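Welcome, and thanks for opening the viewer. Let's take a short walk, one selection at a time.

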Amino acid sequence: MKNSSQSRLPLYAFVVFTFAMCALPAEAHLNTTGMGPFYDGLVHFLMSPEDIVPVLALALLAGLRGASYGRRALFTLPVAWLVGGLAGLSAVTATPHPFIAAAWFLLLGGLLAADAKVSVRATTALAALLGIYHGYLNGVGMGHFDTAAVALLGLVFAVFALIALAAAFVVRLRAHWARIAVRVAGSWIAASGLLMLGWAFRTH
Amino acid sequence: MNTPRHNPLVRATALAVFVFLCAQMAFAHPQKGEAVGFLTGFRHPISGLDHVLAMVAVGLWGAQLGAPAIWVLPVAFPLVMAFGGMLGLMGLPLPGTEYGIALSAILLGAAVLFEVRPPLGVAAALVGFFAIFHGHAHGTELPPGQSALLYSMGFVIATGCLHALGIGIGTVHRWAWGQKFLRVAGALVVIGGSFFMWKAVA
């Protein structure tokens, strides 16, 4: 028998996307939400595709490999992000290198597209490196704010929520075509990384 | 029976994609013009009919060949196309780009027209070879001053959507009339490719 909540899924999806498409312009930068530093940090992450896409790729990769991988990434990445962010708060300056950003897209997108049989340790290491690198850059960027540590917590919460939702969504996928769709998303991320690499060569 | 067509998740996804594609422009980061970068990238592959014909033909051919080609070809094309785009961005020349693009539409259309069924490796190599020409042409035409990340994502997503369009049309292959329809579509792609080849030569 069909679950009633499952049969209403299209309706819920339609309502959510209708509201999403009618959204007003977002003021995503720090100190612009008016709701305090926690939400400033949270919204800053959600409006930063250079942060979101690698996290999403890692979540999809971990979810594709299984629940144990997802759990490991879920707790490693936010902690590493927080550690990197706190280190960045006390740093003077750092410039995000476009080659490294492209390399993350290529690496994580490529692993996802290939459905690579990475080990739990390798997934954990990737999550730790990604978290420390991006957290550090975020920390440096918000270092001059008095409430930066609270904003960083909001940002880390957003990372936790995204990786939890995305990994859990993929873990429960059983249909072959759905898992293929996740791998196609990986190929798109890797392809974006290649173009970013070319762009970085052009501008440097 | 819970076929993909009757699966609520599939229907919700299809609806969401439709609504998303109808969305108005969002200026979430007005200081950087990033939303404009995404839209510029998204519009680039669909702005030239020669590119559209070839990319839709890849999807049609994949649907004709069935699994695993139905997903291998659309995965291979954006990746290799992005590699070609990277070469174009780096300023490495590729001779005969326009001829390659027109020839890709002719050959891919012919593959659909005659329902050619080569080994998967050969099909992927053929698609990948022509993808370099498409990517290089896009790479050399990229406008300055855009967000590299969002431009790239819009560019790749638009390409993927064109493949998905081809695959979606190609699902009619399960019916006899659909097989004829696809062959007619392949013939139209050949005609279009021939027109662009004539333009490139003239």
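**First stop: one residue in chain B**

Select B:Ile169, which is partly exposed, with 17 other C-beta atoms within 10 Å (12 or fewer would count as exposed and 20 or more as buried, with C-beta atoms placed from the backbone). This is a predicted model, in which local features need pLDDT of at least 70 and side-chain atom pairs count only at pLDDT 80 or more, while totals for chains, interfaces and linings use all residues. Residues are numbered from 1 along each chain as its sequence is written, with chains lettered from A and ligands numbered from 1 in the order in which they are written.

B:Ile169 sits in helix α7 (residues 148–170) of chain B; helices here are DSSP runs of H or I with at least four residues, numbered from the N terminus. Beyond neighbours within four places in sequence, B:Ile169 is in contact with B:Leu60 and B:Ala185 (contact means C-beta atoms within 7 Å).

**Next: a helix pair in chain A**

Now select helix α4 (residues 49–65) and helix α8 (residues 148–171) of chain A, whose axes are 8 Å apart at an angle of about 35 degrees. Axes are lines fitted to C-alpha atoms over the stretch in contact, and angles run from 0 to 180 degrees between N-to-C directions. Among the residues making this contact are A:Ile52 and A:Leu56 of α4(A), and A:Val159 and A:Phe169 of α8(A).

**Last: across the chains**

Select helix α9 (residues 176–203) of chain A with helix α4 (residues 69–89) of chain B: their axes come within 7 Å and cross at roughly 5 degrees. The two are therefore roughly parallel, a label for angles under 35 degrees.

Notes:
Angles under 35 degrees count as roughly parallel, over 145 as roughly antiparallel, 65 to 115 as roughly perpendicular and the rest as oblique. Two residues are in contact if their C-beta atoms, placed from the backbone, lie within 7 Å.
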